[in-house]
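Have the structure open while you go through them.

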Amino acid sequence: MSAPALRLQGDLWIGDNRLARDLKITAPAGRWTCLLGPSGVGKSTLGRLVAGLPGRARLDGDATAVRGRVAMLAQQDQLLPWASALQNVTLGARLRGAPADHRRARDLLDRVGLAGLHHRRPATLSGGQRQRVALARTMIEDSPVVVLDEPFSALDAGTRMAMQDLAARLLAGQTVLLITHDPLEAARLGHAAFLMTAQGSRPVNLPEGPTPRDVSDLAVTAAQAAIFDALSQRCAA
Ligand SMILES: Nc1ncnc2c1ncn2[C@@H]1O[C@H](COP(=O)(O)OP(=O)(O)OP(=O)(O)O)[C@@H](O)[C@H]1O
């Protein structure tokens with residue numbers, strides 16, 4: 001199934017509480033779109049809407065109905081506590097009643113740096129290790145649309161960069177909505193980016209060219225600074 005573009009427009013609500021108005025966010029097909037904005041503005045809520053998760057949230061404007069599977073890596077890793085890392089990675093297939101691809105699951109766990117930890121339960125893993133199990137679980141799905149909600153936030157700088165590179169490679173061609181607080185992450189990984197506030201959304205300029213971009217690229221540094229500036233102004237407003 002080819003990856004669709006996403007269009008998210010209108011006011012975002014949870015019940016009677018309007019979180020943000022006049023959103024105009026478009027995520028190009030098969031590309032990474034980053035969503036930035038102050039804490040509590042509704043980024044995760046929007047991500048859950050895209051993923052079709054049940055709840056009281058709604059967008060009262062025009063939104064693309066996403067057909068087919070959406071994989072979501074939520075802010076809390078949501079691993080099953082009684083299942084091993086490997087069983088957590090193959091959970092989606094088991095829930096669909098499909099045969100689990102253990103070989104691929106093991107390979108992904110190795111690639112996210114968890115070789116030797118396949119049989120550990122989540123409680124015996126660090127926060128960053130659990131986040132990487134959740135990342136492997138998201139990547140094995142091969143969904144046309146992927147929502148990543150702060151997927152690298154628990155990782156040290158070196159591991160974070162390595163996981164960004166791996167995700168950019170393995171999710172190439174899928175439509176990815178990346179929710180992040182990290183301007184550098186957006187500048188490295190985004191083909192498009194939006195800053196979301198309670199008053200609306202606006203596109204953020206990113207460097208041209210292939211991703212993941214080099215951190216030492218001056219265009220990346222400049223984009224990072226511009227995003228940081230925009231975020232501080234919006235948060236101070
Ligand atoms: N189930 C819920 N019922 C009512 N309000 C909720 C619910 N879930 C979240 N909220 C509220 O909705 C707002 C948006 O939350 P959300 O988690 O989407 O924000 P966010 O932009 O992702 O924040 P952060 O960057 O801190 O993760 C917050 O004010 C939160 O308290």
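1. Ground rules. This is a predicted model, where local features need pLDDT of at least 70 and side-chain atom pairs count only at pLDDT 80 or more, while totals for chains, interfaces and linings use all residues. Residues are numbered from 1 along each chain as its sequence is written.

2. Domains. The chain splits into domain 1 (6-69 + 143-236) and domain 2 (80-142), with bounds that come from an automatic or database domain assignment. Their C-alpha centres sit 24 Å apart. Domain 1 puts 14 residues into the contact and domain 2 puts in twelve; contact here is C-beta atoms, placed from the backbone, within 7 Å.

3. The domain 1 side of that contact. Strand 6 and helix 6 (157-170) are the elements giving two or more residues to the side that touches domain 2, and helix 6 gives the most, with five. Helices are DSSP runs of H or I with at least four residues, strands are E runs of at least two, and both are numbered from the N terminus. By class this side has ten nonpolar, two polar and two charged residues. For the classes, Ala, Val, Leu, Ile, Met, Phe, Trp, Tyr, Cys and Pro count as nonpolar, Asp, Glu, Lys and Arg as charged, and the others, Gly among them, as polar.

4. Core. The largest nonpolar core has 62 residues, and Leu35, Val89, Leu109, Ala136, Leu177 and Leu178 touch the most other members. Such a core is a set of buried Ala, Val, Leu, Ile, Met, Phe, Trp, Tyr and Cys residues joined through C-beta atoms within 7 Å. Helix 5 gives the most to this core, with five residues, and at least three residues come from each of domain 1 and domain 2. Beyond its neighbours within four places in sequence, Ala136 is in contact with Val89, Leu108, Leu109 and Val112.

5. Six strands form an open sheet in the order 5-6-7-3-8-9, with mixed pairing; a pair needs at least two DSSP bridges. Strand 5 (70-73) and strand 9 (200-203) are the edges, each pairing on one side only. Strand 8 (residues 192-197) and strand 9 pair antiparallel over four bridges, and Thr197 has Gly200 as its bridge partner in strand 9. Helix 5 (residues 127-139) lies across strand 5 and strand 6 (145-149), at about 175° to strand 5. Axes are lines fitted to C-alpha atoms, for helices over the stretch in contact, with angles from 0 to 180 degrees between N-to-C directions.

6. Most residues other than glycine have a negative phi, and most peptide bonds are trans. Asp142 has a positive phi of about 50° and lies in the loop between helix 5 and strand 6. Glu150 also has a positive phi of about 50°, in the loop between strand 6 and helix 6. Buried or exposed? Asp142 is partly exposed because 15 other C-beta atoms lie within 10 Å, whereas Glu150 counts as buried because it has 20 C-beta neighbours inside 10 Å. The cut-offs are 20 or more other C-beta atoms within 10 Å for buried, 12 or fewer for exposed, and partly exposed in between.

7. Cis bond. The peptide bond from Thr211 to Pro212 is cis, with omega near -5°. Pro212 is in the loop between strand 9 and helix 8 (218-236).

Conventions: Contact = placed C-beta atoms within 7 Å.
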